[in-house]
Amino acid sequence: MAAVVGAGGVLGAAQVGIGYALERRGFVPDMIVGTSVGALNGAIAAAHPEQAAPWLDHVWTRLRRREVYPLGRLPSRSGAFTDRGLRRLIARAGLPSRIEQLAVPFTAVAMDLATGAPVLLDGGDLESALLASAAIPGMLPPVERDGRTLVDGGVVAYVPVLAALQAGAASVVVVAAGPESSPLRPVDRRPRAGAVAARAGLLLLHHQIERDLREVSRHIPTVVLPTGIDTWPAPWDFGHSPRLISTARHTAGCFLDELRISGPGLYRADGPFATAAGSCGPSTSSAAEAEL
């Protein structure tokens, strides 16, 4: 089974909570595919497949915006921020220098800025792969790799389930975060200009995610783990990480304890194979552990 870790920036803290729920139930993926912040979280999970969540918790609960997005003039002026903050974060993560050296097979997804095609980085230098996958256009500088200019993979594969299917996954567990991956809410009757733009961006990503999930679930079991988070912080506000981690850990754990898989399909809280994620009691094992 593949773990697919989506984009989401600061909202990636919720992925740490889901990671806790999976690790507690003995889940170790056969491969990990990540985009943007999901590539960084996923690479750490691939390096430490049974103990990544506590390390990530330590990092996320202490992160501040200036550490990830430090201001600074770039020689190429290709981004509003330098990538030195991300480089320091990667250096402190205890990762090997090459993707092939990770304990679990790993792929980071980026986008070719010339063609718009997704680029699957499953070998070679790990740092440049993570920097490319997280290079938010206009915010962080693109990465030159193998003759291509690469930027954030979330533009074309916000939740890279298609890449996992292409890599041969027999089933996938989707670790996503943010309102883009959640059921849509009604809009205000008279939204302001900023809200209109935000809604349009949300719809663009939401429809991309839903399209890819439907396609992959036609072929293999596709499990989308819920976060239980109703109120998401601003993209630059790292102060909510403890709340995101705690809420997602509980909600995803409840969902896993009720999960039953019976062939290809989309398994999520609001899907055709919906399971109860609202309440659960303490347990040390579950049917989900065996089935995953």
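1. Which side chains meet in a salt bridge at 3.5 Å, N to O? They are those of Glu-100 and Arg-98, where a salt bridge is taken as a side-chain nitrogen of Lys or Arg within 4 Å of a carboxyl oxygen of Asp or Glu. Glu-100 is partly exposed, at a relative accessible area of 49%, and Arg-98 is partly exposed as well, at 40%; in these terms buried means under 20% relative accessible area, exposed over 50%, and partly exposed in between, with a 1.4 Å probe and protein chains only.

2. A word on the basis of these values. This is a predicted model, in which local features need pLDDT of at least 70 and side-chain atom pairs count only at pLDDT 80 or more, while totals for chains, interfaces and linings use all residues. Residues are numbered from 1 along each chain as its sequence is written, and side-chain values use heavy atoms, with hydrogens and water left out.

3. The search of the whole structure finds 8 salt bridges, one of which joins Asp-257 to Arg-25, with the closest N and O atoms 2.9 Å apart. Asp-257 lies in helix α9 (residues 241–258) and Arg-25 in the loop between α1 (13–24) and β2 (31–35), so the pair ties together parts that are 232 residues apart in sequence. Helices (H or I, at least four residues) and strands (E, at least two) are DSSP runs, numbered from the N terminus. Both Asp-257 and Arg-25 are buried.

4. Another salt bridge, at 3.2 Å from N to O, is formed by the side chains of Arg-87 and Glu-127. This pair links distant parts of the chain, with Arg-87 in helix α5 (residues 84–91) and Glu-127 in helix α6 (residues 126–133), 40 residues apart. Arg-87 is partly exposed, with a relative accessible area of 35%, and Glu-127 is partly exposed, with 29%.

5. Thr-35 lies in strand β2 and, at 0% relative accessibility, counts as buried. Its side chain reaches the backbone oxygen of Ala-157 at 3.0 Å, which can be read against the limit for a polar contact, a pair of N or O atoms within 3.5 Å; within protein, one must be able to donate a hydrogen and the other to accept it, and residues adjacent in sequence count only if both atoms are side-chain atoms.

6. Ser-36, with phi near 60 degrees, sits in the loop between β2 and α2 (37–47) and is buried at 7% relative accessibility. Asp-146, with phi near 55 degrees, sits in the loop between β5 (143–145) and β6 (148–152) and is exposed, with a relative accessible area of 66%. Most residues other than glycine have a negative phi.

7. α1 gives the most to the lining of the largest cavity, with 5 residues, and α3 gives the most to that of the second largest cavity, with 4 residues.
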